[in-house]
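Work through the exercises below with the sequence and the model in view, and try each task before you read its solution.

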Amino acid sequence: MELLKKIKDRAPEYDSSFEELITKFTVVQGGRAGTAVEGTSWEQGKYFTTKYEIYMYATLLGLRCNYRLPIKSNDKSKFIEIKSWQPADLAEYVIMGILAKSEIDFNELENKDDKEVEKDILNFKKLMEEYANGGFDKLRAKIEISPSFFENNDNCFIDLLDEV
Amino acid sequence: MTKENIFKNFIDDPLLIEKGYITNDKLYKLKFIDQSGIKLIEVVKMAIECTVDDYGEATASRKINKFLNSGQL
Amino acid sequence: MIIEKIDIENFMCYAGPNSMEFTEGINVIIGDNGYGKSKLYDAFYWVMYDQVFVPEKKEFQNTKLVKSKIISDKVKAEIIDGRVTASVSITFRNLEKDNVFILERKYSVAIKDSLVIESNDSEFTVMKKELSYLNAKMVIDEEEKKKIVQKILPYDIKDYLWFQGEQVESIIDFNKQDTLTKAINVLSSIKRYDEVKEIAKSAAKAGNAEYDREVKRLSKDLGKSEQLENQKKQFGVRLAEFLIDEKEVKENLSRAEGKSEELLSKLSDANKITTLKQRKKSGLDQLKSLNVTLNDEQISFHRKMFRNKWVLKGTGLVHKEFSEKYASYESYKLEKASDLKAKNNLESEIQKKLQIRLPIDVPEPIYVLKMLEEEKCLVCDREAKKDSDAWNKIKELIDRPIIPSNLKSSEIPTLQNFSSDFKRLYQNGLALSHRISEIDYDIAETLKKIGDINSKIRQTNNEIKIVDDDIQKLVSDSSQTLENAESIVAEFSIQNKHVKDFTEKLNRVTQQIELNKKNLNTIDIQLKDLITGEIPKWLVEKKQVLNDFEEIAVSTRDRVFSNLISQLEKETNNHYTAMTSGNKSTRGQIKLRKLPNGNYMPEITDSTGSPLLGSNTSNLILVKLAAIMAIISAKSNDGIVSFYSLITDAPTSVFGEDYTIGFCKTVSKVYRQSIIMSKEFYKNQTLRNELMTNSEIKIGKVYMITPSIPETERTDRKRLSTSIELLN
């Protein structure tokens, strides 16, 4: 499982301008994301208990709509490595999705040496970030067009799954 | 209420028969204007007359006393 | 006498000239609270008795006290210098004799520089028409004026004919000796019997005293007589005290019984309220737990985005893409592997061809060598000459080349081997993508679940509201507060205890009275024993007769009173039954139960005579109204009040709709003419229509009164006037 291990060691980044959007919907605790109590976070109006959750959501949104957007800004923020993402099967699904979209040829990959493999993995990470960025962009656009969609609707993120 | 009415109400009292003052059939026929021959009944008539004719209690008392003192019937 | 007309000018809220005509039957004045209904009543009352009802003091007050408040504020404000007058005049007509009386009262004040200079008295005039088409003549003689007023509305019955709704409670209080006696007196004069009773009492007392004096006079032992007399006095005093005690205890007992009875009927209401409150509580509990469940569902709903993989919705294509890529990766590898395999197969084919029938090392090499030497096959025992086919075949056994034991693995050697990674990703994606098809169903199911809880919550809320409404209705019907409802049970048991205690006390007092009477008797006997000679026969007889006279007087008075009560009870029942006949719930009968203190208590009982529980305030008000009507109607032979008119703003709001119509029906039957002020018909159009169209109601005129300023804005009364509209 070497490839997966190498991929999962990476920690993708997002455009810092999305920080506000992320914190709006995510419980952010001092350094220890993912430890919030479900009940209280619901009452606070939060939908995601960790950053990687919303990140996965955004990535899948980008994948679903086939929309990737390169990160223009140089101001990027990191969060946690993929290997810590839960649930693991969802994380692997995302990886799978990005791999499918990537230009990496699997057979050729096997013939590359470690250094080149690392290069490919870096490209992979960049691709994931672009899809995630696309997803965030879509979210931002939705908030701008219809802010009430998120204000009055408890099921907003689930309803958003219907939109392509 | 006429004197007759009031009188009738008084003589309806069971005491008259219980204490043997009068018998039932005599009672039935008795009218105010009749002389009953029974002291109690005459006293009642006097009282009724005095109240209806507004003679006052003092007059009634005197009349009754005079009547009962005399031993007349 | 019929009231034909009332003209009201500048009286209270009736600024300017106003007029209303009335006919036989039930005339109705409709208006909401504060519209001028009670001021109209005041107008009637003022003419007759020079008094108006002052709500702040809750009593009637003379014009002298009320003064210029009687005059309309609007009219007073309009004059700076001059005179303003309030006047009310009522036209009465005697239908049998066809004569007419016009009674008018005026009150006027001077105004100077907008200031009111109070006057003192009102003026009262009476005009009479011997026949309705003749001219009216002023009645000068004061005595005759009084007689006319008395004739139109006798003073001793006016309270039962012209009354305000608020007075109903107090006009006839069965547990108050005075109002009860007053009412009975109207039915038939009990006064006579009271007077005879007084005569008898004092006569008996005097006669007894006279007898005692004689006994004393004839005593052989004056000293002992004196002593006994003193004792007698003492016992007499004690007896008097006990009699006072007895009266007081009877009063207390009656009050406790009365209260207990009142509470008994409230008790069933209280029980109903308590039951409803429990239902409300369990509803609220259910609501609470439903809300908790809803909250939990909503929280977990969102978590399902990740737990139930809903976030993967619509991403099936992603896995497809990867599958394709993976498949081509795999097939390339397989290709490569199959190339190798083909090569291997070819080699193994060649080797197969080379391989002789016999397996390796069978027979063993030494035997093969032997066979070669002997030029004979030892297996089939046939000749195998050297260099013959057979001999060559045997030789091949030794010569066959070494075949590698394992075919080479069909893998092309690569630098990295990621196949397990890709396989894992593929299989993971496959498993998850199977879930994708179920996501929509899953979401729908969960939404439905949440929807169900929400509708259950709505339903429970509705149920709670209905119970709340029921509670409110019961509370306002029985005019209890929710807190009272719970304390009624406690109160009820307290009153019951009182009844028990007072009954015991009464027993004791009665015994004491008996004891003292006996003692007195004993002393009398002792005194009698002391006499020498005989007491004159006439005196003995006198004493007997007078004592019997007293007894008869007391007993007859009570009997007559009871009969009148029965009469009243019967007539009241007639009216009560008539008024409640339209109502669905049981209304029962009225019984007037005698209390220890000689007063009576109205009870509503069922057909077996046991008290009907749950009679609420509206029923009791109806009972009182029925009784008030009965007092007057019992006097006439046919139970119809022809000569006097009923004027009341009856408390129909306490009744509710059903009773209101029943009330109007009965009133229109019992009274030749009645004038009813009501707010019931104001908002309720259906009720109004029924009033005017019901064939059982003999309807007179129906008026609607409206103030020029609504009550809420009435800080400044200077613009207040009332408009009167005839509706039929």
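In this predicted model, buried residues make up 31% of the 728 residues in chain C.

**Exercise 1. Describe the make-up of chain C and of chain A.**

Solution. Begin with chain C, whose secondary structure comes to 20 helices and 19 strands. Next, look at the contacts in chain C between residues at least 6 apart in sequence, of which 73% join residues at least 24 apart. Then turn to chain A, which has 9 helices and 2 strands, arranged from the N terminus on in the order α-β-α-α-α-β-α-α-α-α-α. Buried residues account for 35% of the 164 residues in chain A, and 76% of the contacts in chain A with a separation of 6 or more are between residues 24 or more positions apart.

**Exercise 2. Find how α4(A) lies against α7(A), and which residues make the contact.**

Solution. Two packed helices are described by the angle between their axes and the distance between the axes. Here the axes of helix α4 (residues 51-65) of chain A and helix α7 (residues 114-145) of chain A come within 7 Å and cross at roughly 90 degrees. Angles of 65 to 115 degrees count as roughly perpendicular, and therefore α4(A) is roughly perpendicular to α7(A). For the residues, α4(A) brings a set including A:Tyr55, A:Ala58 and A:Leu61, which meets residues of α7(A), among them A:Met128, A:Tyr131 and A:Ala132. Sorted by class, the residues of this contact of α4(A) with α7(A) are 10 nonpolar, 4 polar and 1 charged.

**Exercise 3. Describe the packing of α4(A) with α5(A) in the same way.**

Solution. Take the geometry to start with: α4(A) and helix α5 (residues 88-101) of chain A pack at an angle of about 35 degrees, with their axes 11 Å apart, and the crossing is left-handed. The residues come next, with A:Met56, A:Thr59, A:Leu60 and A:Leu63 on α4(A), and A:Leu90, A:Ala91, A:Val94 and A:Gly97 on α5(A). The contact of α4(A) with α5(A) contains 6 nonpolar, 2 polar and no charged residues.

**Exercise 4. Which elements of chain C touch chain A, and which touch chain B?**

Solution. For chain A, the contact takes 35 residues from chain C and 38 residues from chain A. On the chain C side, α9 (222-307), α10 (316-354) and α13 (419-477) each supply at least two residues, and the largest share, 9 residues, comes from α13(C). By class, that side has 16 nonpolar, 11 polar and 8 charged residues.

For chain B, 21 residues of chain C are in contact with 22 residues of chain B. The elements of chain C that give two or more residues to this side are α8 (191-217) and α15 (537-580), and α15(C) gives the most, with 11 residues. The side of chain C that touches chain B divides into 9 nonpolar, 5 polar and 7 charged residues.

**Exercise 5. Which residues touch the most other members of the largest nonpolar core?**

Solution. In soluble globular proteins, nonpolar side chains tend to be buried together. The largest nonpolar core has 118 residues, and those touching the most other members are B:Val44, B:Ala47, C:Phe549, C:Ala626 and C:Ile631. Helix α16 (residues 617-633) of chain C gives the most to this core, with 11 residues. Now follow one member: leaving aside neighbours within four places in sequence, C:Phe549 is in contact with B:Leu40, B:Val43, B:Val44, C:Ala200, C:Ala203 and C:Ala204. Finally, a second, separate core of 52 residues includes A:Tyr47, A:Tyr52, A:Ile82 and A:Ala132.

How values were computed:
Residues numbered from 1 in each chain as written. Chains lettered and ligands numbered in written order. Predicted model: local features only at pLDDT ≥ 70, side-chain atom pairs only at ≥ 80, totals over all residues. Helix = DSSP H or I, 4+ residues; strand = E, 2+ residues; numbered from the N terminus. Buried ≥ 20, exposed ≤ 12 C-beta atoms within 10 Å, placed from the backbone. Contact = placed C-beta atoms within 7 Å. Nonpolar A, V, L, I, M, F, W, Y, C, P; charged D, E, K, R; others polar. Axes fitted to C-alpha atoms, helices over the stretch in contact; angles between N-to-C directions. Parallel < 35°, antiparallel > 145°, perpendicular 65-115°, else oblique. Core = buried A, V, L, I, M, F, W, Y, C linked by C-beta atoms within 7 Å. Left-handed = near helix turned anticlockwise from the far one by under 90°.
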